[in-house]
Each structure stands twice: as structure tokens, then as C-alpha cells.
Amino acid sequence: MNDATAADAPMIPGGGPCDVAVIGGGIIGLASALALVQRFDGLSVVVIEKEPDVGRHQTGHNSGVIHSGLYYRPGSAKARLALRGAEQMLEFCREHDIPHERCGKVVVATDESQTGRLRALAERGTANGVPGIREIGPGELAELEPAARGVRALHVPSTGIADYDAVTQRYRALVEAKDGVVRTGVAVTGLHAGSDGLRIDTTAGPLEARHLVNCAGLMADRVARLAGFRPGLRIVPFRGEYYTLRPQAAGLVRNLIYPVPDPNFPFLGVHFTRRVDGTVEAGPNAVLALRREGYRWRDIDAGDVWDALSFPGFQRLALRYWRTGLGEVYRSVSRRAFTRALQALVPGVRAGDLVRAGAGVRAQALDRDGGLVDDFRLIAEAGMIHVLNAPSPGATASLGIGQEIAAMADDWFPARRPSQPAHAGR
């Protein structure tokens with residue numbers, strides 16, 4: 001359906017309540033809708049997305065990496081779902097002819113002080129079951145990435161890249177092929193829970209739904225509160241800014257080159273990523289976004305700023321890490337500082353090689369004590385499921401997250417569950 005007429009169409013063919021409304025048309029919302037229509041025969045599902053097309057926020061601004069499961073705490077949902085999700089994503093891309101590649105990456109220790117963390121990272125990846133991890137020296141690093149420099153490195157061959165925009169559009173097509181409805185250009189304005197379901201007020205009129213899956217990403221905590229649920233956390237938006245290497249410098253990077261991450265933060269530090277179209281991105285940094293969907297410094301929403309700054313969790317986080325935060329801001333406004341961070345990995349990069357290439361905004365959940373919520377957070381409550389934290393590796397793990405959400409919905413539809421779940425790609 002064309003976007004110009006989307007808001008004028010009936011919310012669901014024939015009217016009446018749908019079985020499940022999914023709020024949010026990003027990669028996880030659509031993967032959840034796909035898993036639901038595959039798991040339960042004859043289920044009516046409506047996906048509501050306020051933007052004119054699906055995948056416009058976190059999905060459409062990520063680096064395109066299929067993560068291996070290297071970084072995540074053993075036993076966590078991130079570790080489990082990233083490892084499984086990487087294989088699912090590669091299979092899905094192969095099946096649907098979506099550009100992808102299992103190219104591998106290197107994580108580089110640039111001085112001896114980082115080698116302990118590098119080995120701890122290798123141990124974590126091995127505990128998670130990530131295949132083929134090897135610690136290598138400068139000679140092997142030079143064979144894999146001739147322009148990179150480091151005292152030691154990890155080679156992680158299972159890391160890949162994919163076109164997540166194409167993946168998301170394919171999820172949508174598969175949902176619609178199973179009679180699911182995807183409505184774009186429709187914003188949620190209110191939620192009213194009753195004993196027999198929900199009324200969702202939207203800019204296209206009300207929608208009755210028996211159940212709700214909240215995959216609203218940057219707005220997930222607000223949707224939860226609209227539904228009467230108090231999540232006990234706050235989404236704080238962190239903007240990550242990217243540069244692209246000019247074509248004459250792109251040959252400095254063969255695949256993916258990462259630094260050893262700071263274990264105190266969920267951000268991986270500025271790195272180099274070759275994308276499926278052959279371009280090379282450099283970044284991102286991590287600064288507080290001044291609007292939840294703010295991709296530039298001039299994108300400011302006073303309410304969003306107050307929402308972050310007034311939250312005790314953010315205040316405690318800022319007090320602990322204000323020096324780190326100032327460094328990220330400086331790197332945001334100074335191309336020279338950004339270049340220096342990149343040169344620690346690839347000394348041959350010059351400031352003139354970098355072209356600004358937009359930004360993404362990460363929906364990072366914080367608790368009231370100032371802790372960055374590290375794991376995926378999926379909560380079932382009163383006939384609803386709220387996805388309250390699913391940043392990276394959310395795209396990699398999207399099929400698995402969707403399947404977990406569909407399994408959580410088993411109690412909603414006990415008579416409809418098929419004996420064998422459908423294949424993820426069909």
C-alpha cells in the first residue's frame with residue numbers, strides 16, 4: 001500500500017479485534033510478527049509503524065555486522081541468541097538472495113596493556129561457543145589486514161556482514177504473505193487495557209487487539225508506560241556518528257577491524273567495517289542524543305533532554321563517567337580527534353580520507369542505579385510482551401528474538417500452536 005493513503009485505510013481488513021498488535025516496524029518488530037504468524041495457525045497480526053516505511057531508525061542506521069557472539073556474558077540471552085542468530089541470519093540471507101558475506105574480523109590490541117583484556121575476550125567467546133577464535137601476532141595480523149597495527153589480535157572468522165534493510169523488507173513481505181498487516185505512517189497516541197484486550201488509539205483511528213508486543217525501540221519504555229506497565233528503567237538515546245573512507249583509502253581495510261573494548265561500556269569503540277556494497281565505514285563514537293530520534297547535534301527536543309537528564313540513573317552514570325563522556329563529545333566535534341582514534345588501529349588513515357556519513361541512535365536502557373542494562377530485556381505482563389532492551393546484536397539475533405517472543409505467547413493461543421514450528425525463512 002502506498003504511504004500517501006496508508007493513514008486512510010482500515011486498520012485491519014474487515015474490522016474487529018486482531019489477535020496481536022505489534023508496535024514498531026523495525027527488524028525486531030517484524031521478526032516478532034513473522035515468528036507469531038509462523039508459530040500460530042490463522043493468527044491475525046497487525047504491525048504499526050509511525051514512519052513512512054519500516055526499518056527507519058536503529059535498523060536502518062546500523063553497521064550491517066552479523067555479530068559472532070564474542071562480547072557477551074556467558075549464559076546471557078545476548079550470547080545465546082547472537083550465536084544462534086548469526087547462523088540463522090546467514091541461512092536467511094542465502095535462502096532469500098540477500099547480499100551477505102562471512103568475512104571475519106580482527107580485534108586488535110594496540111599496546112601490551114590491552115593484551116590481558118584481549119585474552120579475557122577470547123576466553124569469553126570460547127565459553128559462548130564462538131567457533132574458530134585464534135589469538136594471533138603482528139605477522140598474521142599483517143596477512144589479514146596489512147594496514148592494521150597491533151601487538152596482538154584475535155581473529156574471529158565467524159563474523160559477517162549483511163544488508164539489514166533488505167532483510168527487514170523481506171521479513172515484511174513474509175508477514176504479509178501469511179496475511180499479516182503492516183501499517184506504516186501510523187503513530188500510536190494512546191493505549192487502554194481492559195479485561196478482554198486493548199484499545200490502541202492511533203493517527204489512523206482505534207485498533208482493538210487481544211494482545212500486544214511492544215517493539216518500539218527508542219520509544220519502548222514510553223509505550224510500556226502508556227500500557228500501564230512501569231518498566232523500572234529508562235531508554236536513554238546515545239548517538240553514534242560515522243565517517244566513510246574515501247574510495248582511494250578504502251583499500252586500507254579488507255574486512256572488519258575492531259579495538260579491544262572497554263568492559264565498563266556496551267559500546268565497542270570506533271572501528272572499521274566493510275559493508276556489503278564495498279564501502280568502508282569508520283566509527284561510531286557514543287554521545288548523548290538530544291532527541292530520542294536525533295541524528296544530528298541540531299536535532300533537539302527539550303522534553304527528551306529533560307527525560308534523560310532528570311532520570312536518577314543517568315545522573316549517576318554521568319557522575320561516574322563524565323571524563324569518558326567529554327572525550328566522546330570532543331571526538332564528535334573534532335575530526336582530528338576522531339582520526340587519532342582510528343589511527344591507533346590503522347596508522348595510514350588521514351583526516352582527509354574521512355567523509356561524514358550520518359549517524360545511528362542506540363536505544364540504551366538504564367536502571368535507576370545508573371547501570372547500563374547489558375542483556376536483552378523481554379518482559380511478559382498482563383497479555384503483553386515488552387521488548388525493553390534489544391540494541392546490538394539485536395539485528396543479528398532478530399530471528400531468534402522473534403522466536404522467543406512467539407514462544408512466550410504460547411499461553412495466549414494454546415489451541416493454535418502447530419506441532420512443528422515453521423522454518424525461519426518461509
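**Salt bridges**

I looked up the salt bridges and found that the structure holds 24 of them. I took a salt bridge to be a side-chain nitrogen of Lys or Arg within 4 Å of a carboxyl oxygen of Asp or Glu. Side chains of opposite charge can pair when their charged atoms come close.

I note that this is a predicted model, in which local features need pLDDT of at least 70 and side-chain atom pairs count only at pLDDT 80 or more, while totals for chains, interfaces and linings use all residues. Residues are numbered from 1 along each chain as its sequence is written, and side-chain values use heavy atoms, with hydrogens and water left out.

**E293 and K50**

I found a salt bridge between the side chains of E293 and K50, at 2.9 Å from N to O. E293 is in the loop between β17 (287–288) and α9 (302–309), and K50 is in the loop between β2 (45–49) and β3 (65–66), so the pair ties together parts that are 243 residues apart in sequence. Helices (H or I, at least four residues) and strands (E, at least two) are DSSP runs, numbered from the N terminus. I then checked accessibility, where buried means under 20% relative accessible area, exposed over 50%, and partly exposed in between (1.4 Å probe, protein chains only). E293 counts as buried at 13%, and K50 counts as partly exposed at 35%.

**R73 and D375**

I found R73 and D375 joined by a salt bridge between their side chains, at 3.8 Å from N to O. R73 lies in the loop between β3 and α3 (77–95) and D375 in the loop between β18 (354–367) and β19 (377–381), so this pair ties together parts that are 302 residues apart in sequence. R73 is partly exposed at 40% relative accessible area, whereas D375 is buried at 15%.

I saw that the closest N and O atoms of the salt bridge between R275 and E281 are 3.4 Å apart. R275 is partly exposed at 22%, and E281 is buried at 12%. I also noted a network of salt bridges that links D221, R222, R225, R234, R292, D304 and D307.

**Helices α2 and α12**

I looked at helix α2 (residues 27–39) and helix α12 (residues 398–408), whose axes come within 7 Å and cross at roughly 50°. Axes are lines fitted to C-alpha atoms, for helices over the stretch in contact, and angles run from 0 to 180 degrees between N-to-C directions. Angles under 35 degrees count as roughly parallel, over 145 as roughly antiparallel, 65 to 115 as roughly perpendicular and the rest as oblique; α2 and α12 are therefore oblique to each other.
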